[in-house]
Amino acid sequence: MIPKADPSQETLVLNMGPQHPATHGVLRIVLKLDGEYVLQAIPVIGYGHRMHEKMAEVRTYPGFYANVGRMDYAGALSFGHGHVLAVERLAGIEVPPRAEYIRVITTELNRIASHLLWFGACLLDLGAFTPILYSFDDREYCLDLLEHVTGARITFSYFRIGGVSRDLDDHFIEGTKEFIKRLRGRFDTYDKLVTGNIIFRKRNEDVGVISRDMALKYGATGPVIRGSGVPYDVRRAEPYSLYPEFDFEIPTRPEGDSMARYLVRMAEMEQSLRIVEQALARLPEGPVMAKVPKKLKVGPGDTVQAVEAARGQLDYYLVGDGTDKPYRLKIRPPSYSNLSLLQELAEGVLLSDLVAIGGSLDLVIPEIDR
Amino acid sequence: MINYFKEIFAGLWTLLVGLKLTARYAVAPTVTCHYPYQTLPITPNFRGHTDLVIDPETASDKCIVCMMCENTCPSQCIEVIGEKPEGSKKKVLTAYRLDFTKCSLCGNCVEVCPTSALEYSGDYQLAGYSRHEFHFELLERLRGRVKAQGIVPRPKPAPPEGGAEAEAKPRKVRPKAEEAPAASLEPKGEEAPKAEAKPGE
């Protein structure tokens, strides 16, 4: 429960958010402080709730698709990927191979853009302003490419049930190759500027340590669980799309602190570049849309589709009843379980460390609130 | 004690590495775009709000008032109004209202349009003081564009030979022929995937 101020004790109840820049969205954290030390931190969510799951029940399958990108504004394509895969599986639609490759390329680029946004925002939380300018420079490059092919910068609405809405062109392919080369060179800059920086290391090492057991107990996924030494990645654990075909590693770190999560995400960007490179080299010719009935009726039946979003495992549980609208669509986003760790991590840490922990968890609140 | 000083110097060194990098970028050419004075070129594929396509033959819209876009729109932000002029079999568009405050920019309306009468405008400088400024009347916008650009109707020249006419005619008939469940139409069925793939291009 939310703590009340007690005048007999020298504690202070402080609201962090819902408009605090370090809460990355409309998240409110009620803090009970003893001086600079956090005694208790309770996340309060629900300020940005937009009933997306209910909206799925009153909209047709292609009509709802535009909503899924709104849940995670940083990595919208992964959310779209999960949705279309779930519907395609239940409706029995075969996707042309070129469309599958395009999906993988754009999703991985989006993952890189999402991690670059996290890189900048996480360091901005810690008070470092320069890195966000560098990472946004690269992210702009990435978003320009995605804008060229999808038509939008953030809410892409690019995938369609049965394929993708637009084919890739030479401008995109050449630009992506250039981007891969450019970003590989930039990792060195990031390392020099941030990874080795003494202030950054002091603020992140041994801060917010999540043990392996704790990560498993809370159901953490994505870079959070990989930073605790568990090599769990949906792309390998429950392969979907074309991921079994590609050669990439699942970076893990045994330490479990904020620094480990930072290093895992930086390594993940390199792996995503590898996947994009391989996919571009193997990109087949052909159509990008399968034949889909104009009024798509799905079911009856249910299915679960898990994908690896930028922040972790994303599940879609879809129940179709044979009509053009789903009976139920349950979305299990990754940030929710990652946020639940915060309460246990926050006990006894400094207030400034809490900001570092929050930054390293890479929370996107709209996907929690849906 | 030695470790204490070691740490100080190691820390100082990492700070200097970072400062050196920043100093290099301080003299590098700027990447910032000073927005109102400079603008970046936007991609021709940009998905802005929808706009009606100008038909060069009639210098008007291509809409046949089939209501496909209105029915497909998940946000119900499109209102198509058409009427049948006396003596005509076809409906004529009289108003196309787009409530852009509700639009989720999914692009379904453009993809579903059978006559390709809709396109994405490259309009991104959208700011206004009230919601009413985002209720677009697309037919009026189209007439304004036709007037501003001085577009005059350019009817297709009549085909000089019968051969060309014969080539043009089956194209119009084809959709009907596909609907008919005739076994003899199999070779034409091969072309169907092409037509399906078109909206995806």
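Biologist: How are helix α2 and helix α3 of chain A oriented to each other, given that their axes cross at roughly 150°?

Modeller: In this predicted model, the axes of helix α2 (residues 61-71) and helix α3 (residues 76-91) of chain A come within 7 Å and cross at roughly 150°. Angles over 145 degrees count as roughly antiparallel. The crossing of α2(A) and α3(A) is right-handed, and by the angle the two helices are therefore roughly antiparallel.

Biologist: How many nonpolar, polar and charged residues does the contact of α2(A) with α3(A) have?

Modeller: On the side of α2(A), the residues include A:Tyr61, A:Phe64 and A:Val68, and they meet residues of α3(A), among them A:Phe79, A:His83 and A:Val87. Sorted by class, this contact of α2(A) with α3(A) comes to 9 nonpolar, 3 polar and no charged residues.

Biologist: Which way does α4(A) run relative to α11(A), roughly parallel or roughly antiparallel?

Modeller: Helix α4 (residues 97-125) and helix α11 (residues 258-282) of chain A have axes 9 Å apart and pack at an angle of about 155°. That angle makes α4(A), in relation to α11(A), roughly antiparallel.

Biologist: What is the make-up by class of the contact of α4(A) with α11(A)?

Modeller: Here α4(A) passes α11(A) in a left-handed crossing. The contact is made by residues of α4(A) such as A:Tyr101, A:Leu109 and A:Trp118, and by residues of α11(A), including A:Met266, A:Leu273 and A:Arg282. Divided by class, the residues of this contact of α4(A) with α11(A) are 16 nonpolar, 2 polar and 5 charged.

Biologist: Which helix of chain A holds A:Asp137, the residue that pairs with A:Arg182?

Modeller: A:Arg182 forms a salt bridge with A:Asp137, and the closest N and O atoms of the pair are 3.4 Å apart. The two residues are 45 residues apart, so that the pair links distant parts of the chain, with A:Arg182 in helix α6 (residues 170-195) and A:Asp137 in helix α5 (residues 130-150).

Biologist: How many salt bridges are counted between chain A and chain B?

Modeller: The contact between the chains takes 35 residues from chain A and 28 residues from chain B, and about 2,600 Å² is buried between them, 53% of it on carbon and sulfur atoms. In one salt bridge B:Glu7 is paired with A:Lys202, with the closest N and O atoms 3.1 Å apart. Over all chains the count comes to 38 salt bridges, while between chain A and chain B the count is 2.

Biologist: What distance separates the C-alpha atoms of A:Pro43 and A:Thr323?

Modeller: A:Pro43 lies in strand β3 (residues 37-44) of chain A. Leaving aside neighbours within four places in sequence, A:Pro43 is in contact with residues including A:Leu27, A:Ile29 and A:Leu342. A:Thr323 is 280 residues from A:Pro43 along the chain, and their C-alpha atoms are separated by 39 Å.

Methods. Residues are numbered from 1 along each chain as its sequence is written. Chains are lettered from A and ligands numbered from 1 in the order in which they are written. This is a predicted model: local features need pLDDT of at least 70, side-chain atom pairs count only at pLDDT 80 or more; totals for chains, interfaces and linings use all residues. Side-chain values use heavy atoms; hydrogens and water are left out. Axes are lines fitted to C-alpha atoms, for helices over the stretch in contact, and angles run from 0 to 180 degrees between N-to-C directions. Helices (H or I, at least four residues) and strands (E, at least two) are DSSP runs, numbered from the N terminus. Angles under 35 degrees count as roughly parallel, over 145 as roughly antiparallel, 65 to 115 as roughly perpendicular and the rest as oblique. A crossing is left-handed if the near helix is turned anticlockwise from the far one by less than a right angle, and right-handed if clockwise. Contact means heavy atoms within 4.5 Å. Ala, Val, Leu, Ile, Met, Phe, Trp, Tyr, Cys and Pro count as nonpolar, Asp, Glu, Lys and Arg as charged, and the others, Gly among them, as polar. Buried area is the accessible area (1.4 Å probe) that two parts lose on being put together, summed over both. A salt bridge is a side-chain nitrogen of Lys or Arg within 4 Å of a carboxyl oxygen of Asp or Glu.
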